[in-house]
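Have the structure open as you read.

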Amino acid sequence: MAGKGKGASNQGSAQAAPAERTTERGNNNNKSQHNHSNSSSSLSLFDRLVILWLSLAGWLQVVLGGIFVAHHATTAKAAGLPSSHTDFFHLFSKAANKESPLDQVSHTFVGVAQSLTKAYSCADSRFSGSDSTILAFETVKAYLVGPLCFFLAYAVAHKRGYRFPLQLVVSSLQILLVGLYFLTEHFNNYSHVNTKSAKCYYVYFWGSNVVFASVFALLFLQSFFAEKTAGARISGRKVQFAVKLAIGATLVGLAFVLAVGVAHEFLEQAHVQKQIVQAVQVSQEFAKSASVQAQKAAHEGYKQGYAVLSPYVQQGVNFVKEHLNKVLA
(Lines give C-alpha, C1' and ligand atoms only; values in the text may rest on other atoms or scores of the structure.)
Protein backbone atom coordinates (compact mmCIF):
# COMPACT_ATOMS: atom_id res chain seq x y z
CA MET A 1 0.00 0.00 0.00
CA ALA A 2 2.81 2.35 0.89
CA GLY A 3 4.51 1.62 -2.46
CA LYS A 4 1.32 2.30 -4.37
CA GLY A 5 0.84 5.56 -2.50
CA LYS A 6 4.36 6.63 -3.35
CA GLY A 7 3.86 5.73 -7.02
CA ALA A 8 0.63 7.68 -7.19
CA SER A 9 2.27 10.70 -5.59
CA ASN A 10 5.19 10.49 -8.04
CA GLN A 11 2.82 10.32 -10.98
CA GLY A 12 0.87 13.28 -9.65
CA SER A 13 4.03 15.34 -9.18
CA ALA A 14 5.21 14.36 -12.67
CA GLN A 15 1.92 15.53 -14.17
CA ALA A 16 2.02 18.74 -12.16
CA ALA A 17 5.58 19.58 -13.30
CA PRO A 18 4.70 20.44 -16.94
CA ALA A 19 1.82 22.60 -15.75
CA GLU A 20 4.18 24.43 -13.40
CA ARG A 21 6.70 24.93 -16.20
CA THR A 22 3.96 26.32 -18.46
CA THR A 23 2.84 28.67 -15.71
CA GLU A 24 6.42 29.80 -15.12
CA ARG A 25 6.91 30.48 -18.84
CA GLY A 26 3.72 32.52 -18.94
CA ASN A 27 4.83 34.48 -15.90
CA ASN A 28 8.27 35.10 -17.44
CA ASN A 29 6.67 36.32 -20.67
CA ASN A 30 4.39 38.62 -18.72
CA LYS A 31 7.36 39.89 -16.71
CA SER A 32 9.41 40.53 -19.85
CA GLN A 33 6.51 42.39 -21.47
CA HIS A 34 5.97 44.34 -18.27
CA ASN A 35 9.67 45.19 -18.04
CA HIS A 36 9.68 46.20 -21.71
CA SER A 37 6.77 48.59 -21.24
CA ASN A 38 8.22 49.99 -18.01
CA SER A 39 11.69 50.43 -19.52
CA SER A 40 10.41 52.11 -22.67
CA SER A 41 8.23 54.45 -20.63
CA SER A 42 11.07 55.20 -18.18
CA LEU A 43 13.07 57.18 -20.74
CA SER A 44 13.78 60.63 -19.38
CA LEU A 45 12.93 63.81 -21.23
CA PHE A 46 16.63 64.37 -21.84
CA ASP A 47 17.03 60.94 -23.44
CA ARG A 48 14.03 61.58 -25.68
CA LEU A 49 15.56 64.87 -26.79
CA VAL A 50 18.86 63.08 -27.40
CA ILE A 51 17.10 60.56 -29.66
CA LEU A 52 15.43 63.41 -31.54
CA TRP A 53 18.73 65.26 -31.94
CA LEU A 54 20.60 62.14 -33.09
CA SER A 55 17.85 61.41 -35.61
CA LEU A 56 18.14 64.93 -37.03
CA ALA A 57 21.95 64.82 -37.10
CA GLY A 58 21.96 61.39 -38.72
CA TRP A 59 19.41 62.47 -41.33
CA LEU A 60 21.39 65.60 -42.20
CA GLN A 61 24.67 63.74 -42.52
CA VAL A 62 23.48 60.56 -44.23
CA VAL A 63 20.78 61.91 -46.55
CA LEU A 64 21.83 65.49 -47.23
CA GLY A 65 25.55 64.82 -46.96
CA GLY A 66 25.35 61.69 -49.06
CA ILE A 67 23.38 63.48 -51.77
CA PHE A 68 25.89 66.33 -51.74
CA VAL A 69 28.76 63.86 -52.25
CA ALA A 70 26.93 62.25 -55.17
CA HIS A 71 25.62 65.46 -56.82
CA HIS A 72 28.12 68.13 -55.74
CA ALA A 73 28.84 69.14 -59.34
CA THR A 74 25.30 70.50 -59.84
CA THR A 75 24.82 72.18 -56.45
CA ALA A 76 25.43 75.69 -57.79
CA LYS A 77 22.57 75.25 -60.31
CA ALA A 78 20.03 74.09 -57.71
CA ALA A 79 16.85 76.01 -56.87
CA GLY A 80 16.63 78.19 -53.78
CA LEU A 81 15.24 77.15 -50.44
CA PRO A 82 11.44 77.01 -50.04
CA SER A 83 10.43 80.12 -48.10
CA SER A 84 6.77 79.15 -47.61
CA HIS A 85 4.67 76.00 -47.32
CA THR A 86 3.54 76.38 -50.94
CA ASP A 87 7.15 76.44 -52.16
CA PHE A 88 7.89 73.49 -49.90
CA PHE A 89 5.10 71.37 -51.35
CA HIS A 90 6.09 72.52 -54.83
CA LEU A 91 9.14 70.28 -54.45
CA PHE A 92 6.82 67.29 -54.22
CA SER A 93 4.73 68.43 -57.16
CA LYS A 94 7.88 68.45 -59.29
CA ALA A 95 8.69 64.96 -58.14
CA ALA A 96 5.16 63.78 -58.93
CA ASN A 97 5.89 64.28 -62.63
CA LYS A 98 8.40 61.45 -62.53
CA GLU A 99 7.38 58.02 -63.77
CA SER A 100 8.40 55.66 -60.98
CA PRO A 101 7.92 56.16 -57.22
CA LEU A 102 11.64 55.63 -56.68
CA ASP A 103 12.43 58.49 -59.06
CA GLN A 104 9.91 60.66 -57.25
CA VAL A 105 11.51 60.06 -53.85
CA SER A 106 15.08 60.45 -55.12
CA HIS A 107 14.23 63.63 -57.05
CA THR A 108 12.60 65.16 -53.97
CA PHE A 109 15.49 64.40 -51.65
CA VAL A 110 18.09 65.53 -54.18
CA GLY A 111 16.21 68.84 -54.64
CA VAL A 112 15.93 69.39 -50.87
CA ALA A 113 19.60 68.56 -50.26
CA GLN A 114 20.88 70.77 -53.06
CA SER A 115 18.65 73.68 -52.04
CA LEU A 116 19.87 73.48 -48.45
CA THR A 117 23.51 73.18 -49.51
CA LYS A 118 23.19 76.10 -51.92
CA ALA A 119 21.71 78.25 -49.15
CA TYR A 120 24.64 77.42 -46.88
CA SER A 121 27.14 78.07 -49.68
CA CYS A 122 26.48 81.80 -49.28
CA ALA A 123 28.46 81.46 -46.03
CA ASP A 124 31.12 79.06 -47.35
CA SER A 125 31.68 79.01 -51.10
CA ARG A 126 33.51 75.67 -50.86
CA PHE A 127 30.14 73.93 -50.84
CA SER A 128 29.29 75.25 -54.29
CA GLY A 129 32.72 74.71 -55.80
CA SER A 130 33.20 70.98 -55.11
CA ASP A 131 36.10 71.61 -52.74
CA SER A 132 38.07 68.42 -52.04
CA THR A 133 38.32 69.12 -48.30
CA ILE A 134 34.54 69.54 -47.94
CA LEU A 135 33.94 66.42 -50.03
CA ALA A 136 36.24 64.46 -47.71
CA PHE A 137 34.40 65.74 -44.62
CA GLU A 138 30.96 65.02 -46.05
CA THR A 139 32.00 61.53 -47.17
CA VAL A 140 33.15 60.66 -43.64
CA LYS A 141 29.89 62.02 -42.24
CA ALA A 142 27.66 60.26 -44.75
CA TYR A 143 29.25 56.81 -44.51
CA LEU A 144 30.55 56.68 -40.95
CA VAL A 145 29.42 59.33 -38.48
CA GLY A 146 25.82 59.64 -39.70
CA PRO A 147 25.04 55.90 -39.45
CA LEU A 148 26.65 55.87 -36.01
CA CYS A 149 24.15 58.56 -34.94
CA PHE A 150 21.25 56.24 -35.82
CA PHE A 151 22.96 53.34 -34.05
CA LEU A 152 23.47 55.52 -30.98
CA ALA A 153 19.80 56.59 -31.07
CA TYR A 154 18.87 52.89 -30.96
CA ALA A 155 21.22 52.36 -28.01
CA VAL A 156 19.69 55.28 -26.10
CA ALA A 157 16.12 54.17 -26.79
CA HIS A 158 16.80 50.57 -25.72
CA LYS A 159 19.21 51.42 -22.88
CA ARG A 160 22.04 49.29 -24.17
CA GLY A 161 25.12 48.91 -22.04
CA TYR A 162 27.35 50.24 -24.83
CA ARG A 163 25.36 53.49 -25.07
CA PHE A 164 27.86 55.73 -23.26
CA PRO A 165 31.06 54.34 -24.85
CA LEU A 166 29.45 54.72 -28.29
CA GLN A 167 28.17 58.18 -27.36
CA LEU A 168 31.71 59.14 -26.37
CA VAL A 169 33.04 58.02 -29.76
CA VAL A 170 30.28 59.69 -31.80
CA SER A 171 30.53 62.97 -29.87
CA SER A 172 34.32 63.01 -30.24
CA LEU A 173 34.07 62.48 -34.00
CA GLN A 174 31.47 65.22 -34.41
CA ILE A 175 33.49 67.75 -32.38
CA LEU A 176 36.68 66.79 -34.22
CA LEU A 177 35.06 67.26 -37.64
CA VAL A 178 33.66 70.69 -36.71
CA GLY A 179 37.04 71.73 -35.32
CA LEU A 180 38.85 70.61 -38.47
CA TYR A 181 36.26 72.40 -40.59
CA PHE A 182 37.01 75.69 -38.83
CA LEU A 183 40.78 75.13 -38.90
CA THR A 184 40.90 74.47 -42.64
CA GLU A 185 39.17 77.77 -43.34
CA HIS A 186 41.22 79.59 -40.69
CA PHE A 187 44.44 78.55 -42.44
CA ASN A 188 42.93 79.86 -45.69
CA ASN A 189 42.42 83.27 -43.99
CA TYR A 190 38.64 82.87 -44.34
CA SER A 191 38.94 83.47 -48.07
CA HIS A 192 35.87 81.29 -48.82
CA VAL A 193 33.63 82.84 -46.15
CA ASN A 194 31.29 85.75 -46.78
CA THR A 195 32.31 88.02 -43.90
CA LYS A 196 30.31 90.97 -45.24
CA SER A 197 26.92 89.35 -44.56
CA ALA A 198 25.90 89.07 -40.92
CA LYS A 199 23.49 86.27 -41.75
CA CYS A 200 26.07 84.19 -43.63
CA TYR A 201 29.04 84.83 -41.36
CA TYR A 202 27.59 84.98 -37.83
CA VAL A 203 24.47 82.82 -38.18
CA TYR A 204 25.39 80.22 -40.81
CA PHE A 205 29.15 79.81 -40.58
CA TRP A 206 29.69 80.34 -36.85
CA GLY A 207 26.27 80.00 -35.22
CA SER A 208 25.03 76.77 -36.77
CA ASN A 209 28.34 74.93 -36.42
CA VAL A 210 29.02 76.12 -32.87
CA VAL A 211 25.52 75.08 -31.75
CA PHE A 212 25.96 71.70 -33.47
CA ALA A 213 29.31 71.10 -31.77
CA SER A 214 28.04 72.37 -28.40
CA VAL A 215 25.24 69.80 -28.26
CA PHE A 216 27.69 67.00 -28.93
CA ALA A 217 30.08 68.52 -26.37
CA LEU A 218 27.26 68.19 -23.82
CA LEU A 219 26.75 64.55 -24.85
CA PHE A 220 30.50 64.02 -24.60
CA LEU A 221 30.54 65.29 -21.02
CA GLN A 222 27.50 63.18 -20.12
CA SER A 223 29.09 60.02 -21.49
CA PHE A 224 32.45 60.86 -19.89
CA PHE A 225 31.01 61.20 -16.40
CA ALA A 226 28.15 58.71 -16.74
CA GLU A 227 27.93 55.71 -14.48
CA LYS A 228 27.37 52.25 -15.88
CA THR A 229 23.78 51.13 -15.61
CA ALA A 230 23.44 47.51 -14.61
CA GLY A 231 20.99 45.32 -16.40
CA ALA A 232 19.56 48.13 -18.53
CA ARG A 233 18.56 46.10 -21.55
CA ILE A 234 15.30 45.83 -23.37
CA SER A 235 14.22 43.01 -25.61
CA GLY A 236 13.31 45.35 -28.46
CA ARG A 237 11.69 44.91 -31.83
CA LYS A 238 14.66 46.02 -33.88
CA VAL A 239 13.02 46.15 -37.29
CA GLN A 240 10.02 48.07 -36.01
CA PHE A 241 12.25 50.54 -34.21
CA ALA A 242 14.43 51.01 -37.32
CA VAL A 243 11.37 51.81 -39.42
CA LYS A 244 10.04 54.27 -36.84
CA LEU A 245 13.44 55.90 -36.54
CA ALA A 246 13.80 56.27 -40.31
CA ILE A 247 10.32 57.78 -40.70
CA GLY A 248 10.75 60.06 -37.70
CA ALA A 249 14.18 61.24 -38.83
CA THR A 250 12.86 61.99 -42.31
CA LEU A 251 9.92 64.01 -40.97
CA VAL A 252 12.16 65.91 -38.60
CA GLY A 253 14.62 66.57 -41.43
CA LEU A 254 11.95 67.90 -43.78
CA ALA A 255 10.56 70.12 -41.03
CA PHE A 256 14.08 71.36 -40.45
CA VAL A 257 14.45 72.24 -44.15
CA LEU A 258 11.18 74.20 -44.10
CA ALA A 259 12.24 76.05 -40.94
CA VAL A 260 15.63 76.88 -42.46
CA GLY A 261 13.94 78.22 -45.59
CA VAL A 262 11.72 80.55 -43.57
CA ALA A 263 14.67 81.65 -41.43
CA HIS A 264 16.76 82.21 -44.55
CA GLU A 265 14.22 84.66 -45.93
CA PHE A 266 13.85 86.36 -42.55
CA LEU A 267 17.59 86.86 -42.18
CA GLU A 268 17.84 88.35 -45.66
CA GLN A 269 16.11 91.51 -44.40
CA ALA A 270 18.48 94.44 -43.97
CA HIS A 271 17.23 95.53 -40.54
CA VAL A 272 17.64 92.00 -39.19
CA GLN A 273 21.26 91.87 -40.35
CA LYS A 274 21.89 95.26 -38.73
CA GLN A 275 20.46 93.95 -35.46
CA ILE A 276 22.71 90.90 -35.68
CA VAL A 277 25.79 93.11 -36.20
CA GLN A 278 24.73 95.33 -33.29
CA ALA A 279 24.20 92.30 -31.05
CA VAL A 280 27.65 90.96 -31.93
CA GLN A 281 29.25 94.36 -31.28
CA VAL A 282 27.47 94.69 -27.93
CA SER A 283 28.57 91.20 -26.89
CA GLN A 284 32.17 91.97 -27.92
CA GLU A 285 32.15 95.22 -25.93
CA PHE A 286 30.68 93.41 -22.95
CA ALA A 287 33.36 90.73 -23.18
CA LYS A 288 36.11 93.36 -23.35
CA SER A 289 34.64 95.26 -20.40
CA ALA A 290 34.31 92.06 -18.38
CA SER A 291 37.92 91.15 -19.20
CA VAL A 292 39.19 94.57 -18.09
CA GLN A 293 37.18 94.40 -14.86
CA ALA A 294 38.48 90.89 -14.19
CA GLN A 295 42.08 92.04 -14.71
CA LYS A 296 41.56 95.00 -12.39
CA ALA A 297 39.99 92.79 -9.75
CA ALA A 298 42.83 90.28 -10.02
CA HIS A 299 45.46 93.04 -9.74
CA GLU A 300 43.69 94.59 -6.76
CA GLY A 301 43.41 91.20 -5.10
CA TYR A 302 47.11 90.60 -5.66
CA LYS A 303 47.97 93.95 -4.06
CA GLN A 304 45.74 93.34 -1.06
CA GLY A 305 47.04 89.83 -0.64
CA TYR A 306 50.62 91.03 -0.84
CA ALA A 307 49.93 93.78 1.72
CA VAL A 308 48.39 91.27 4.15
CA LEU A 309 50.94 88.51 3.72
CA SER A 310 54.15 90.53 3.40
CA PRO A 311 54.52 91.20 7.17
CA TYR A 312 54.17 87.52 7.94
CA VAL A 313 56.64 86.66 5.21
CA GLN A 314 59.11 89.19 6.60
CA GLN A 315 58.69 87.79 10.10
CA GLY A 316 59.37 84.31 8.77
CA VAL A 317 62.50 85.49 6.99
CA ASN A 318 63.75 87.24 10.14
CA PHE A 319 63.02 84.15 12.21
CA VAL A 320 65.02 81.97 9.85
CA LYS A 321 67.92 84.46 9.84
CA GLU A 322 68.08 84.60 13.66
CA HIS A 323 68.17 80.82 14.00
CA LEU A 324 70.77 80.50 11.25
CA ASN A 325 72.97 83.09 13.00
CA LYS A 326 72.62 81.19 16.29
CA VAL A 327 73.51 77.91 14.63
CA LEU A 328 76.46 79.36 12.76
CA ALA A 329 77.69 81.22 15.87
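Aspartate 124 counts as buried, because its relative accessibility is 0%, under the 20% cut-off. Keep in mind that this is a predicted model. The side chain of aspartate 124 meets that of arginine 126 in a salt bridge, 2.9 Å from N to O. Arginine 126 is buried as well, at 3% relative accessibility.

In general, side chains of opposite charge can pair when their charged atoms come close. The count for this model comes to four salt bridges.

| Pair | Closest N to O |
|---|---|
| Arginine 163 and aspartate 47 | 3.3 Å |
| Lysine 141 and glutamate 138 | 3.6 Å |

Lysine 141 and glutamate 138 are both buried, and they sit three residues apart in helix H5 (residues 132–157), about one turn of the helix. Salt bridges with shared partners also join Asp124, Arg126 and Glu185 into one network.

What does the bridge between arginine 163 and aspartate 47 tie together? Arginine 163 belongs to helix H6 (residues 163–187) and aspartate 47 to helix H2 (residues 45–71), so the pair links parts that are 116 residues apart in sequence. Arginine 163 is buried at 7% relative accessibility, and aspartate 47 is buried at 13%.

Now to the surface. Val308, Leu309, Tyr312, Val313 and Val317 form a nonpolar patch there, with about 500 Å² of accessible area together. Valine 313, one of these residues, is placed in helix H9 (residues 270–328). Valine 313 counts as exposed because its relative accessibility is 51%, over the 50% cut-off.

Technical notes: Residues are numbered from 1 along each chain as its sequence is written. This is a predicted model: local features need pLDDT of at least 70, side-chain atom pairs count only at pLDDT 80 or more; totals for chains, interfaces and linings use all residues. Side-chain values use heavy atoms; hydrogens and water are left out. Patches are made of residues with over 30% relative accessible area and no salt bridge: like charges are joined within 9 Å, nonpolar side chains (Val, Leu, Ile, Met, Phe, Trp, Tyr) within 5 Å. Accessible areas come from the Shrake-Rupley method with a 1.4 Å probe; for residues, only the protein chains shown count as cover. Helices (H or I, at least four residues) and strands (E, at least two) are DSSP runs, numbered from the N terminus. Buried means under 20% relative accessible area, exposed over 50%, partly exposed in between (1.4 Å probe, protein chains only).
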